Structures are given as C-alpha cells and as structure tokens.
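Open the model in your viewer and keep the selection panel at hand. The tour moves from the whole chain to single residues.

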Amino acid sequence: WSCVVNMAEEGDPSFTVVEYMRDHSGYKCGYCKSDNTNFSHGMWAHRMAVGDYQDLIDRGWRRSGKYCYKPTMDRTCCPMYTIKCDTLEFKLSKSQKKILKRIHRYLSHGAAKEEKVFGNDSSESMQGNPEYVIPKFEASQELSSVSLCTNVVNMRKNLESSATEEKESSLNSNKEYLTPGTEKDTNLCKASVESASQDFIGESPILKPKKLATTGPDPSRPPCRKAKDIRRERKEAKLAKLAQEALTRGESPMETKQCKMPNTQKVLEDFISEPLPENPAHTLELKLVRVSPPEAAFRNTFNASHAVFRNYQLQIHQDSEDECDKKSFQGFLVDGPLSPWQPHIGPPQGYGAFHHQYWLDGRLIAVGVLDILPHCLSSVYFYYDPEFSFLSLGTYASLREIALTRELQRRVPSLKWYYMGFYIHSCPKMRYKGRYNPSFLLCPETYSWIPIENALPQLDAAKYSRLNEDAAAVDENGQVDISKIRVLYRQDLMRYGRYHALNPGADDEEEVREYATLVGAKCAYSLFLYRS
C-alpha cells in the first residue's frame with residue numbers, strides 16, 4: 001500500500017492524502033449479482049483537495065465516502081464508464097418535461113396519481129446498493145491529522161523543484177414556490193444557489209406549511225379548471241384588447257391583423273419557474289448545506305436526513321438495519337475527504353461536499369449528495385422518502401442539479417459540466433443516465449470524451465469498448481517517469497528516485513508504476529507518495 005499527499009490547484013492551500021490499496025481480487029457485483037467478477041483499483045482518501053479530485057474523476061475514479069475506486073474496465077463484469085452532461089447545451093426530453101409538469105401540478109393542487117411515469121430513473125427494484133462500495137481493507141493509519149497540514153510548508157523546501165501543476169459558507173435557504181415574479185433583495189453571494197434561475201436568488205415570502213390534502217375538494221379554494229379553458233379565455237382577452245386598440249386608432253377590428261407570437265421553446269428554467277396559484281397546495285424549499293466541515297444547518301438536520309436515508313435503503317434497496325444505521329450513513333454520505341475551498345472568484349458557497357435538501361411543507365423528503373469542483377458539479381448519491389416515489393424525484397433532482405450547475409456557471413465560467421457518476425450499459429436499469437442530452441462517456445484507454453450517441457453502437461456490440469475510434473489516439477497523460485514521483489517519507493518530502501536510493505531494499509517499484517499509470521502523469525508528478 002502507498003499513500004499520497006498532493007498540493008491542489010494554484011491558489012488552493014489544501015493537499016491530498018490517500019493510501020493506494022493494491023488488490024487484484026474480485027468483488028461481488030451490485031449490478032449483475034455475480035460473486036467475484038467485479039474488479040477495481042482502490043485508494044483510501046484521508047484528505048483531498050477539490051482540484052485533485054477533479055483530475056481523478058477525469059481519469060475514471062469515483063468516491064464512495066472516503067474510498068476512491070477505479071473500475072478495471074477490461075476485466076470487470078459490468079464496465080462502468082464515467083458520464084458527464086454539458087449543461088449549457090442541455091435539452092429537455094418529453095419525459096423530463098412531463099415530470100417537471102407533474103411536480104408543478106402537485107405543488108399547485110396536491111393531486112397526484114400513485115403511478116409510475118415514463119422515464120423514471122429510479123432503480124427501485126435493484127436489491128442492494130451498488131453505489132456504496134466498501135473496501136476490503138481499512139486504512140493502515142490515520143493520515144488526515146492537522147500536523148501534516150502545518151508541516152507541508154516546511155516539506156516543500158526539501159523538494160528538488162518547487163514547481164507544481166495546478167470558509168465555511170452558510171447558505172440562506174431559498175423558499176421556493178416557483179413564482180418568477182417574486183421580488184429578490186438578497187445579493188448573489190449571500191443567497192442559496194440551489195435556484196435554477198437568477199429570478200430565484202435570495203428568499204421568497206414565507207408561506208405557512210400546508211398539510212397534505214385530504215379527501216374531497218377544499219371549499220376555501222376556487223374550483224379546478226381545465227388548462228385549455230384558461231388558454232381560450234386568455235386568447236379571447238387578447239383579441240378583445242387588440243380590437244379595442246384598433247377602434248382607438250379609427251380602424252375596423254375585423255381588418256386588424258393578428259400578430260402571432262414567436263414560438264420560443266421553453267427551457268429548463270422556464271419549467272422550474274412556472275408560477276403557482278396564489279395559495280398553492282404545497283410549498284417546496286431547496287437548501288444547499290455544507291457537510292465537510294458540517295455547518296449548523298446540516299448538524300441541525302442530521303437526524304431527519306438519516307431517517308430519510310434509512311427508509312430509502314430499507315424499502316428501495318432492501319438493506320438490513322445494520323447497513324443503514326447512523327454509522328453507515330455517516331461513513332457513506334457524510335464523512336468525506338474533500339477540503340473546502342472558497343476563493344474570491346469561485347462559487348458563493350465555495351467548493352467542497354454538500355447536501356442538496358428538498359423540503360416539502362417543512363418536511364425533508366429527499367437529499368442529493370453533491371461535490372462542487374472547479375469544472376463540474378459531481379453527483380455522489382441521491383435518496384428520497386419512498387412515500388413520494390410517484391413524483392419521480394430521481395429525475396427531478398437531476399434536472400435541478402443541472403439547473404444548479406448552470407447557476408454556478410454564471411459565476412464560474414469553467415464550471416459547466418454535470419457528472420452523473422458511472423454509466424453501465426450492460427445493466428438496463430442504469431441506462432437512464434444517458435437520457436440527459438448532450439452526454440459524453442470517458443474513453444477508458446485514451447481518457448478522451450466521446451458523445452454518447454457515438455458510443456452506444458459500440459456498447460451494443462460489446463460490454464467493454466475503447467470508445468475512441470481513432471486508432472492513433474493515445475493516453476497523453478499516461479507516460480510517467482516514476483523517479484520524479486513525489487514521496488512523503490518520515491515527514492520529509494522527496495522524489496521517488498531519492499527515496500529509492502535511501503531504501504535500496506524497498507521492493508515497490510511495480511506498485512508505484514501501477515499507481516502512476518492509474519492516476520496519470522499530472523497527478524503522479526504533483527502528488528506525494530507516503531511511505532512509512
């Protein structure tokens with residue numbers, strides 16, 4: 001095993017500490033249920049700078065709690081391809097529009113049928129949670145102590161070359177009723193960025209939570225009306241207005257040309273900001289709270305968040321009580337390696353690990369676990385109260401996270417990608433991630449991004465594919481001179497070449513070379529490999 005310390009991208013004082021766990025044995029697959037056909041490489045991350053994790057996920061790595069793993073693509077039974085969506089070019093599908101409209105109807109009138117909606121992305125019938133990866137080995141020692149952080153400046157002075165490659169923020173909750181006309185007074189930097197549109201930055205007037213609708217109509221509310229009747233009345237009112245204006249000008253209303261409004265297609269933010277009635281049946285509030293280090297808003301809602309997680313794991317994934325207790329929840333979705341970073345030109349809430357909470361009438365019903373990184377918003381996990389399965393909250397949350405990414409991009413132009421984890425084509429229940437257009441899959445050999453429509457024919461033919469059809473393309477980040485890899489040895493920083501000279505009996509060159517190939521040259525030359 002080996003361990004790595006890395007100075008993050010320029011400007012970020014954080015560093016990364018990980019243990020590389022060399023293991024080539026098979027694991028049980030959470031997708032096809034085979035006992036020992038799932039192969040991956042692993043690292044235990046004690047601490048991690050956000051820039052480092054960005055580089056790692058662009059090499060096919062992914063985290064589950066503090067454990068980072070990279071599938072052995074040409075060996076594993078169900079190859080897992082990193083997938084990302086270009087949020088600036090995102091186009092809604094018909095099924096996604098239906099789900100947005102369904103949420104809007106539920107918030108407006110409280111009526112919802114207990115049925116599935118086409119396009120629901122939930123893998124609800126999958127027993128076990130394949131996204132919760134538990135390493136076979138625990139970390140050999142605790143390496144996230146503050147002493148490493150205080151010594152890192154002195155350690156830098158011992159390097160042959162100092163050249164390297166690349167505040168806790170409490171967010172105001174955004175009381176949301178999807179009403180675009182609400183006045184906003186709060187500054188962007190102080191507001192919750194969960195809103196999908198600038199019209200929603202800040203706070204909306206607070207409505208008292210309503211109880212869930214009971215049987216029978218509410219006599220205090222106007223009767224429900226058909227949408228086509230409302231559209232007809234609006235059209236008639238518009239024609240009457242045009243006729244009146246014609247009479248004022250001395251023209252005949254019959255000769256007035258009807259101006260047809262341009263047919264502009266509604267975008268994601270238009271659906272999210274669709275106005276609700278004056279007294280909606282339900283209110284929806286989204287909060288983005290930092291979990292590492294935990295802010296007060298997260299600490300105060302920990303029990304509620306765990307309760308939703310427990311119900312979800314028990315009913316959706318059929319976990320045992322031990323598998324979804326507070327300790328498991330803490331290790332899987334709360335404890336994480338990312339060090340927070342809040343530069344002046346970054347997102348208002350900074351970079352790091354967050355929970356995106358969905359509150360319905362003051363009740364927590366869903367949570368999206370997110371990492372905000374220099375170039376993307378990375379979805380770690382999503383869970384919800386099974387009582388609200390009829391709302392297709394999985395799809396709705398993905399759309400809200402795409403909208404959140406677009407909101408962040410207005411502040412940080414480079415942050416435009418939405419990473420959805422892994423796309424598993426061999427598992428039909430996991431193909432839903434390919435429905436967010438346009439999406440790209442990571443080539444497992446060249447680490448270039450391939451449009452998913454170009455990759456699907458190859459994946460239909462074989463579970464594992466290079467994806468990049470250019471035979472001349474190579475991994476430009478794959479050639480590593482291991483003598484230049486940085487090492488942390490007895491609280492001193494040095495190159496691997498020097499470390500090997502000090503320890504000629506160390507038989508770890510093959511392990512170091514394997515590690516370097518997996519993380520790539522960029523990370524290999526900037527990380528520090530810990531040796532005891």
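Predicted model: local features only at pLDDT ≥ 70, side-chain atom pairs only at ≥ 80, totals over all residues.

Residues are numbered from 1 along each chain as its sequence is written, and side-chain values use heavy atoms, leaving out hydrogens and water.

**Confidence**

Colour by pLDDT, the predictor's confidence in each residue, from 0 to 100. The mean is 81, and 74% of residues reach 70 or more. Now select residues 115–128, where pLDDT is below 50. Beyond near neighbours in sequence, this stretch has 41 contacts in the model (heavy atoms within 4.5 Å). Go on to residues 146–151: pLDDT stays under 50 there too, and the model has 9 contacts for them beyond four places in sequence.

**Fold and burial**

Switch to cartoon. The protein has 12 helices and 18 strands; these are DSSP runs (helices H or I, at least four residues; strands E, at least two), numbered from the N terminus. Of the 532 residues, 55% are buried (buried is under 20% relative accessible area, exposed over 50%, partly exposed in between; 1.4 Å probe, protein chains only).

Select helix H1, residues 50–57. All told, 8 of its 8 residues are buried, so H1 is largely enclosed by the rest of the structure.

Next, the nonpolar cores: sets of buried Ala, Val, Leu, Ile, Met, Phe, Trp, Tyr and Cys residues joined through side-chain atoms within 4.5 Å. Which residues of the largest core touch the most other members? Select Leu 268, Tyr 381, Tyr 383, Leu 393, Leu 441 and Ile 485, out of 110 residues in that core. Apart from it lies another core of 15 residues, among them Trp 44, Cys 77, Cys 427 and Met 430.

**Two helix pairs**

Show H2 (residues 94–109) with H9 (residues 393–409). Their axes come within 10 Å and cross at roughly 100 degrees. Axes are lines fitted to C-alpha atoms, for helices over the stretch in contact, and angles run from 0 to 180 degrees between N-to-C directions. That makes H2 roughly perpendicular to H9 (65 to 115 degrees; under 35 is roughly parallel, over 145 roughly antiparallel, the rest oblique). Gln 96, Ile 99, Leu 100 and Ile 103 in H2 meet Leu 393, Thr 395, Tyr 396 and Leu 399 in H9.

Move to H7 (residues 302–316) and H8 (residues 326–334), whose axes come within 10 Å and cross at roughly 95 degrees. H7 is thus roughly perpendicular to H8. The residues that meet include Phe 302 and Phe 309 in H7, and Phe 329 and Leu 333 in H8.

**Backbone stops**

Most residues other than glycine have a negative phi, and most peptide bonds are trans. Zoom in on Pro 293, in the loop between strand E8 and helix H6. The bond from Ser 292 to Pro 293 is cis, with omega near -10 degrees. Then find Pro 438, between strands E13 and E14; the bond from Asn 437 is cis, with omega near 5 degrees.

Asp 361 sits in the loop between strands E10 and E11. Its phi is near 55 degrees, and Asp 361 counts as buried at 14% relative accessibility. Finish at Leu 467, with a positive phi of about 75 degrees. Leu 467 is buried, at 1% relative accessible area.
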